[in-house]
Amino acid sequence: MKIFYAPSGTEGSYFYRHYLPAKYMQGIHQVHIKHRASYQDFRDYDLIILQSQWNLSQKGNIQALQSQGKKVVFEIDDNIWDIPHGNESRNYWTPDKLRDIKEMFTICDAIITTTKPLSDILRQFNSKVYVIPNYVEDMSPLPLAPCPIRIGYAGSMSHAPDFTPEIIGALKDI
């Protein structure tokens, strides 16, 4: 099978949702990833996975691919209807974009998401919703050492509000 991943960008969840799955499927399937892909890029693939912020202007292209027997799957890992105030993504999802993405959900062959609660929301638009949690590669534990504990954090700026006073307090206690 020839699989094409079309991520909305190369930051944030791209690594866990596209890069790692593609890496592990290499050798089993022919897998390609390209940011800013177009209809022309998809023509030679059996399965096309679109991530998050693809828009309704692609509707005709998706239907053309489907008419050629190709499967088009939409991948999303955010509840775009309940974005916290202060999160920069809230401004992106205007009522027009929310309407358009609902239509995208209905025309795609399936939807992939990260959690059961989000899959329950998405099933109102498409009955074929699959939960694939984010994957983190195996990591070896660090040896115990008499040095200060260091905590690393990775995420986009949209996660800055995650650092509530309670979280900051807990981190200080560590």
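Modeller: Rings of Phe, Tyr and Trp (its six-membered ring) pair if their centres lie within 6.5 Å, and planes under 30 degrees apart count as stacked, over 60 as edge-to-face and the rest as tilted. By this rule there are seven aromatic pairs, and one aromatic cluster is formed by Phe-74, Trp-81, Phe-105 and Phe-125. This is a predicted model, in which local features need pLDDT of at least 70 and side-chain atom pairs count only at pLDDT 80 or more, while totals for chains, interfaces and linings use all residues. Residues are numbered from 1 along each chain as its sequence is written, and side-chain values use heavy atoms, with hydrogens and water left out.

Biologist: Why is the pair of Phe-4 and Tyr-45 called edge-to-face?

Modeller: The ring centres of Phe-4 and Tyr-45 are 5.1 Å apart and their planes stand at 80 degrees, so the pair is edge-to-face.

Biologist: What makes Phe-4 count as buried?

Modeller: Buried means under 20% relative accessible area, exposed over 50% and partly exposed in between (1.4 Å probe, protein chains only). Phe-4 has 1% relative accessibility and therefore counts as buried, and Tyr-45, with a relative accessible area of 10%, is buried.

Biologist: Why is the pair of Trp-81 and Phe-125 called stacked?

Modeller: The centres of the Trp-81 and Phe-125 rings lie 5.5 Å apart and their planes are at 25 degrees, so the pair is stacked. Trp-81 is partly exposed, with a relative accessible area of 30%, whereas Phe-125, at 15% relative accessibility, counts as buried.
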